[in-house]
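Subject: Handing over the model, with notes on its interior

Dear colleague,

Please find below the structure I promised to pass on to you. My notes on what was found in it follow directly after.

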Amino acid sequence: MGKNRLEAFSDGVLAIIITIMVLELKIPTGSGMDVLVPVLPSFLSYVLSFIYVGIYWNNHHHLIHAAGHVSGSVLWSNLNLLFWLSLFPFTTAWMGNNHFEPLPTAVYGFVLFMAAIAYNILQRCIMATDGCSSVLHEAIGSDWKGKLSMVLYLVAVGLSFQFHWAAQAIYVGVALLWLVPDRRIERVMNEG
């Protein structure tokens, strides 16, 4: 099965996710700087989620490019990832509109955690489809960034109820960790 259709569909869904997120931003009434203060939490939530969607889009591109074959399990695991990413507009708006209150912050982190798990499942399905000698299998290695990210998301979810600003700092920190595209796949593909 070809991978072009999978990548095109995923790109379309990610574009729609970003579009929905930006449409959730409310335009303030008035023209002074003071009218921007109430919408600042929503804008900051949007920026963080936009960065996360961009990170997933970039790494998903590398992941699918490294895949040799697409199987039914790859298609379903990709849909699982897209499902969790499709919840970003809801959790982004809820967290921003409620000024980073504990429960919306925790739910945002839970969705980040589930998206990370879904991405990991997609990686594993591609590696299982392509076999042990696959480019992806060699490139991923121990995947310490992926594992660390999942642990940090869980820590942040727990912190959300007492120290929601610490949870926000963790979400920003994990995004910064992934901001530079994952070079492992590029490196292995260039070597091969």
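A cavity, as the word is used here, is a set of points on a 1 Å grid over the protein atoms alone where a 1.4 Å probe fits but cannot get out, and its lining residues are those with an atom within 4 Å of a point. Grid points are joined across faces, edges and corners, and a volume is the space filled by probe spheres set on the points.

Before the findings, please note that this is a predicted model, in which local features need pLDDT of at least 70 and side-chain atom pairs count only at pLDDT 80 or more, while totals for chains, interfaces and linings use all residues. Residues are numbered from 1 along each chain as its sequence is written, and side-chain values use heavy atoms, with hydrogens and water left out.

The cavities

The structure holds 2 cavities of 30 Å³ or more. Two or more lining residues come from each of H2, H5 and helix H7 (144–159), where helices are DSSP runs (H or I, at least four residues) numbered from the N terminus. Sorted by class, this lining has 8 nonpolar, 5 polar and 1 charged residues; Ala, Val, Leu, Ile, Met, Phe, Trp, Tyr, Cys and Pro count as nonpolar, Asp, Glu, Lys and Arg as charged, and the others, Gly among them, as polar.

The second largest cavity holds about 70 Å³ of space, and its lining has 5 nonpolar, 4 polar and 1 charged residues. Met21, Glu24, Leu25, Ser42, Ser45, Tyr46, Pro89, Thr92, Ala93 and Asn97 make up that lining, and the largest share of it, 4 residues, comes from H4. One of the lining residues, Ser42, is found in helix H2 (residues 40–66) and counts as buried at 15% relative accessibility, where buried means under 20% relative accessible area, exposed over 50%, and partly exposed in between (1.4 Å probe, protein chains only). Not counting residues up to four places away in sequence, Ser42 touches Leu25, Gly96 and Asn97, a contact being heavy atoms within 4.5 Å.

Helix H4 (88–97) is largely enclosed by the rest of the structure, because 7 of its 10 residues are buried. Those residues are Phe88, Pro89, Thr91, Thr92, Ala93, Met95 and Gly96, and they pack against helix H1 (4–23), H2, helix H3 (72–86), H5 and H8. After H4 comes His99, whose phi is positive, near 55°.

A nonpolar core is a set of buried Ala, Val, Leu, Ile, Met, Phe, Trp, Tyr and Cys residues joined through side-chain atoms within 4.5 Å. The largest such core has 53 residues, and Tyr52, Phe88 and Tyr171 are those with the most contacts inside it. Helix H5 (residues 102–130) gives the largest share of this core, 14 residues.

Leaving aside residues up to four places away in sequence, Phe88 touches Ile17, Met21, Ser49, Tyr52, Val53, Tyr56, Val111, Leu112 and Ala115. Ala115, in turn, is placed in helix H5, is buried at 0% relative accessibility, and has contacts beyond its neighbours within four places in sequence with Tyr56, Leu81, Trp84, Leu85 and Phe88.

Aromatic pairs

Rings of Phe, Tyr and Trp (its six-membered ring) pair if their centres lie within 6.5 Å, with planes under 30 degrees apart counted as stacked, over 60 as edge-to-face and the rest as tilted. By this rule there are 9 aromatic pairs. Tyr52 and Tyr153 form a tilted pair, 6.3 Å centre to centre with 55° between the planes; Tyr52 lies in helix H2 and Tyr153 in helix H7, so the pair ties together parts that are 101 residues apart in sequence. Tyr52 is buried with a relative accessible area of 2%, and Tyr153 is buried with a relative accessible area of 2%.

Another tilted pair is that of Phe100 and Trp165, at 5.3 Å centre to centre and 55° between the planes. Phe100 lies in the loop between H4 and H5 and Trp165 in helix H8 (residues 164–179), so this pair ties together parts that are 65 residues apart in sequence. Phe100 is buried at 6% relative accessibility, whereas Trp165 is exposed, with a relative accessible area of 56%. Lastly, Tyr56, Phe88 and Tyr119 form one aromatic cluster.

With best wishes

Key:
On a 1 Å grid over the protein atoms alone, a cavity is a set of points where a 1.4 Å probe fits but cannot get out, and a pocket is an open set with protein on both sides within 12 Å along at least five of seven lines; lining residues have an atom within 4 Å of a point.
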